Amino acid sequence: MLLLLVLAILAGLTLGLSAYVVSSTQASFLDPDGPAPEGLDCVLVLGCGVRPDGSPSDMLADRLEQGIALYQAGWADKLLLSGDNGQENYNEVGVMEAYALERGVPGEDIVLDHAGFCTYDSVYRARDIFGAKRLVIITQAYHLSRALYIAQALGLDAWGVGADLRPYRGQAVRELREVLARDKDFFWALAQPDPKFLGEKLPLHPQ
């Protein structure tokens, strides 16, 4: 009986923290066809999986499409692409850059973060390495609440636009994993440890 009670309490805490992260960020979800917040420093596109042939996964392609659309609509003059380039044979950011260039984004308006190994690192580095203070974050809706929660906990003025342009295989499993990821990043947002890598500052808008 005691074990069941403990398990019920743990389940309640797990689900409760996740629900809090979601509910506390809903007001920051924006319609891509609506007006942009004023004075955005960048559109931050979060990385995602790359196929073995070097093409972006469906989710990554949709994030890029949405981010590029907002950049081209004048939401911000910089497109910050953040992803995992921790291995020589795996480069999310290179794939993201090539995709943006192919769709007409000028190279001088593309900023690359090769050390966005997780959502927390990407957002932290957007602030501390690239100097972003006001930004819009692009990822799928199930992931967007967590990214916004981290950003706002780090003191950023942050909004988000979902990139759900099609159904995705395996989404039910992602939704379950995201509950635990929200709980983890709730505590990371409290502790605010340094990301895996920091390094030299690279301002979005050099003086």
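This is a predicted model: local features need pLDDT of at least 70, side-chain atom pairs count only at pLDDT 80 or more; totals for chains, interfaces and linings use all residues.
Residues are numbered from 1 along each chain as its sequence is written, and side-chain values use heavy atoms, with hydrogens and water left out.

Let's begin with the pockets. A pocket here is an open set of points on a 1 Å grid over the protein atoms alone, where a 1.4 Å probe fits, with protein on both sides within 12 Å along at least five of seven lines; its lining residues have an atom within 4 Å of a point. A volume is the space filled by probe spheres set on the points, which are joined across faces, edges and corners. The largest pocket holds about 440 Å³ of space. It's lined by 21 residues, and Gly47, Cys48, Arg63, Thr119 and His143 come closest to its centre. Helices H4 (119–128), H5 (141–153) and H6 (171–191) each give two or more residues to that lining, and H6 gives the most, with 4 residues. Helices (H or I, at least four residues) and strands (E, at least two) are DSSP runs, numbered from the N terminus.

The second largest pocket comes in at about 180 Å³. Its lining includes Cys48, Arg51, Asp58 and Tyr168.

Now find helix H3, residues 92–102, whose buried residues are Glu92, Val93, Val95, Met96, Tyr99 and Ala100. Buried means under 20% relative accessible area, taken with a 1.4 Å probe on protein chains only. Looking down the axis of H3, these buried residues fall within an arc of 160°, so they line one face of the helix. That arc is the one made by the directions from the helix axis to the C-beta atoms. The buried residues of H3 pack against strand E1 (42–46), helix H2 (58–72), strand E2 (79–82) and strand E3 (110–113). At the start of H3, a side-chain oxygen of Asn91 gets to within 3.2 Å of the backbone nitrogen of Val93. After H3 comes Gly104, with a positive phi near 90°.

Finally, look at Tyr71, which lies in helix H2. Is Tyr71 buried or exposed? Tyr71 is buried, with a relative accessible area of 12%. Leaving aside neighbours within four places in sequence, Tyr71 is in contact (heavy atoms within 4.5 Å) with residues including Val43, Leu79, Val105 and Asp109.

Methods: Buried means under 20% relative accessible area, exposed over 50%, partly exposed in between (1.4 Å probe, protein chains only). A polar contact is a pair of N or O atoms within 3.5 Å; within protein, one must be able to donate a hydrogen and the other to accept it, and residues adjacent in sequence count only if both atoms are side-chain atoms.
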